[in-house]
Amino acid sequence: PSNSATTTSPSHQKMPPRKKRRLPPPTILQTTIPNSPQYTVSYMHRALTTRTALSTKHGYLLSSSDDGIVKFWKILPPSTKKLEFVKSYTAHDGPVLSLCTDREGDVAASVGSDGVIKLYDVSTFDIS
């Protein structure tokens with residue numbers, strides 16, 4: 001007996017169109033990022049996170065990774081348990097070996113495997 005009846009399997013049924021997710025509007029901190037090739041907007045490290053440093057005075061957490069990136073994160077109110085991405089620097093040509101802030105929390109420093117030390121003004125996210 002031949003089976004001439006065709007059946008529609010669940011995998012061949014037409015799926016309803018997906019709703020497009022809308023991204024929230026950029027925050028004030030994100031819109032004040034200068035337009036320059038050294039700045040990029042990204043929300044996570046693409047390589048292993050190697051170090052973190054905290055500036056309680058300004059309310060920022062800094063993080064670094066194996067690909068030489070240093071990122072600034074705004075610490076939101078404790079009730080939210082969240083961080084807000086602020087800025088990212090391609091600071092070194094290799095892994096970041098050390099990341100720290102001074103006692104006051106105004107200046108941060110990163111040391112890379114490239115032998116370079118970079119200094120950051122935490123209050124303005126500026127690099128020197």
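A salt bridge is a side-chain nitrogen of Lys or Arg within 4 Å of a carboxyl oxygen of Asp or Glu. That term returns in Exercise 2.

Before starting, note that this is a predicted model, in which local features need pLDDT of at least 70 and side-chain atom pairs count only at pLDDT 80 or more, while totals for chains, interfaces and linings use all residues. Residues are numbered from 1 along each chain as its sequence is written, and side-chain values use heavy atoms, with hydrogens and water left out.

**Exercise 1. Get an overview**

Find which elements the protein chain holds and in what order they run.

Solution. Start with the elements: the protein chain has one helix and eight strands. Helices (H or I, at least four residues) and strands (E, at least two) are DSSP runs, numbered from the N terminus. Next, read them off from the N terminus, which gives α-β-β-β-β-β-β-β-β. Then look at burial: 30% of the 128 residues of the protein chain count as buried. Here buried means under 20% relative accessible area, exposed over 50%, and partly exposed in between (1.4 Å probe, protein chains only). Finally, the accessible surface of the protein chain is about 9,300 Å², with 57% of it belonging to carbon and sulfur atoms. Such areas come from the Shrake-Rupley method with a 1.4 Å probe, and for residues only the protein chains shown count as cover.

**Exercise 2. Track down the salt bridge**

Work out how many salt bridges the whole structure has, and which residue pairs with Asp106.

Solution. A search of the whole structure turns up one salt bridge. Asp106 forms a salt bridge with Lys57, and their closest N and O atoms are 3.1 Å apart. Now place the two residues: Asp106 sits in the loop between S5 and S6 and Lys57 in the loop between S1 and S2, so the pair ties together parts 49 residues apart in sequence. As for accessibility, Asp106 counts as partly exposed because its relative accessibility is 24%, whereas Lys57 is exposed, with a relative accessible area of 53%.

**Exercise 3. Follow strand S3**

Explain why strand S3 is largely enclosed by the rest of the structure, and find which strands pair with S3.

Solution. First, count burial: five of the seven residues of strand S3 (residues 69-75) are buried, so the strand is largely enclosed by the rest of the structure. Second, look at pairing, for which DSSP must find at least two bridges between two strands. Strand S2 (residues 60-65) pairs with S3 in the antiparallel sense over five bridges, and Ser63 stands opposite Lys71 in S3. Strand S4 (residues 83-90) also runs antiparallel to S3, joined by seven bridges. There, Trp73 has Phe85 in S4 as its bridge partner. Third, visit the hairpin of S2 and S3: three residues lie between the strands, and Gly68 takes a positive phi near 85°.

**Exercise 4. Look around Asp67**

Describe where Asp67 lies and what Asp67 touches.

Solution. Asp67 is in the loop between S2 and S3. With 33% relative accessibility, Asp67 counts as partly exposed. Not counting residues up to four places away in sequence, Asp67 touches Arg46, Ala47, His92 and Gly94, where contact means heavy atoms within 4.5 Å. The side chains of Asp67 and Ser65 are joined by a polar contact of 2.3 Å. A polar contact is a pair of N or O atoms within 3.5 Å; within protein, one must be able to donate a hydrogen and the other to accept it, and residues adjacent in sequence count only if both atoms are side-chain atoms.
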